[in-house]
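Work through the exercises below with the sequence and the model open. Try each task before reading its solution.

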Amino acid sequence: MSLSAPVVFPDAVPTFTAGDVTIRAHRPGDVPGIVEQCADPLSVQWTTIPVPYDESMAVGWISEMVPDGWRTGDEHTFAIESTHPDGVRRFSGSLSLRDRGSRRSEVAFGAHPAVRGRGVMTAAVNLLLDYGFEGLGLETVVWYANAGNAGSRRVAWKTGFTFGGTMRAWLDHRGETTDAWVGTLHRLDTREPRAPWDLPTVR
Ligand SMILES: CC(C)(COP(=O)(O)OP(=O)(O)OC[C@H]1O[C@@H](n2cnc3c(N)ncnc32)[C@H](O)[C@@H]1OP(=O)(O)O)[C@@H](O)C(=O)NCCC(=O)NCCS
């Protein structure tokens, strides 16, 4: 079952803004920023992007895979736009909701290294969650991260996710299974930390 009726990319993809942060459909002009982000060590460490990553992959991703996700409803992927430290407003990362059926979805996100630590992803995730709960009628969103990914956990914590335990050997990471942190957010939850900040020990 897909999240919603087919959405024609890019024209029917909605745009949402909060302060300096906008989420919108990807554009060809985002390709250099996507390649920069995918070459960044933290992106390689914590996500499953192909390594090495080149321009043709970014072009294929925004011209085929992302539009397919919107058409089928399997994954609604947005580009993030914000002002970089050099004062220029441009591509700042990507994030998505992956359909898991029965009004459940999984959130995924990655920021361009130049904008990290400025609250950009927290704002973008909040916009995405509004879209998911209000626009798509989701009941629950789940967050997974490889155990140890403190930055990702911090974004989930700030946006109100309730953490479960560590799932042993759960996430596929380039052919290996890694332990996963998991959290869930219900549509009625407030978008604020549910408990004091805590970083579990990674075995
Ligand atoms: C995780 C990521 C998306 C966060 O993006 P961001 O734009 O920096 O997020 P924000 O600025 O909104 O919030 C990040 C928070 O994490 C904190 N943080 C970052 N790294 C941290 C770490 N190693 N330990 C503890 N906190 C950390 C920041 O201080 C900030 O918290 P604060 O605002 O309370 O100070 C970004 O680091 C990234 O792209 N990482 C690589 C890809 C990735 O891990 N994706 C998630 C896969 S599950």
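A residue counts as near a molecule if one of its heavy atoms lies within 4 Å of that molecule. The helices and strands named below are DSSP runs, numbered from the N terminus. The model is a predicted one.

**Exercise 1. The shell around the ligand**

Task: State how many residues surround the ligand, and find which element gives the most to the shell.

Solution: 
- Step 1. The ligand is surrounded by 22 residues, and the closest are Ala111, Gly117, Gly119, Thr122 and Lys158.
- Step 2. Five elements can be listed with at least two shell residues each: α2 (41–46), β5 (104–111), α4 (120–135), β6 (140–146) and α5 (150–158).
- Step 3. Of the elements, α5 gives the most, with 6 residues.
- Step 4. Sorted by type, the shell holds 10 nonpolar, 8 polar and 4 charged residues.

**Exercise 2. Polar contacts and cover**

Task: Find how far the N or O atoms of arginine 118, glycine 119 and arginine 154 lie from oxygen atoms of the ligand. Then say what share of the ligand's area the protein buries.

Solution: 
- Step 1. The cut-off for a polar contact is a pair of N or O atoms within 3.5 Å.
- Step 2. For arginine 118, a backbone N or O atom is 3.2 Å from a ligand oxygen.
- Step 3. For glycine 119, a polar backbone atom is 2.8 Å from an oxygen of the ligand.
- Step 4. Arginine 154 uses its side chain: one of the N or O atoms there is 2.9 Å from a ligand oxygen.
- Step 5. The ligand taken alone exposes 940 Å², and the protein buries 74% of that.

**Exercise 3. The fold as a whole**

Task: Count the helices and strands, give their order, and decide how compact the protein is for its length.

Solution: 
- Step 1. There are 5 helices and 8 strands in the protein.
- Step 2. Read from the N terminus, their order is β-β-α-α-α-β-β-β-α-β-α-β-β.
- Step 3. The radius of gyration is 16 Å, close to the 17 Å that the globule rule gives for 203 residues, so the protein is as compact as a globular protein of that length.
- Step 4. The C-alpha trace spans about 40 × 35 × 35 Å along its principal axes.
- Step 5. Of the 203 residues, 44% are buried.
- Step 6. An unreviewed UniProt entry lists residues 21–191 as "domain: N-acetyltransferase". Over residues 21–191 the chain is 33% helix and 36% strand.

Methods. Residues are numbered from 1 along each chain as its sequence is written. This is a predicted model: local features need pLDDT of at least 70, side-chain atom pairs count only at pLDDT 80 or more; totals for chains, interfaces and linings use all residues. Side-chain values use heavy atoms; hydrogens and water are left out. A polar contact is a pair of N or O atoms within 3.5 Å; within protein, one must be able to donate a hydrogen and the other to accept it, and residues adjacent in sequence count only if both atoms are side-chain atoms. Accessible areas come from the Shrake-Rupley method with a 1.4 Å probe; for residues, only the protein chains shown count as cover. Helices (H or I, at least four residues) and strands (E, at least two) are DSSP runs, numbered from the N terminus. Ala, Val, Leu, Ile, Met, Phe, Trp, Tyr, Cys and Pro count as nonpolar, Asp, Glu, Lys and Arg as charged, and the others, Gly among them, as polar. UniProt positions are given in the numbering used here, feature names are shortened, and annotations may be inferred rather than shown by experiment. The radius of gyration is taken over C-alpha atoms; the globule rule is 2.2 Å times the number of residues to the power 0.38. Buried means under 20% relative accessible area, exposed over 50%, partly exposed in between (1.4 Å probe, protein chains only).
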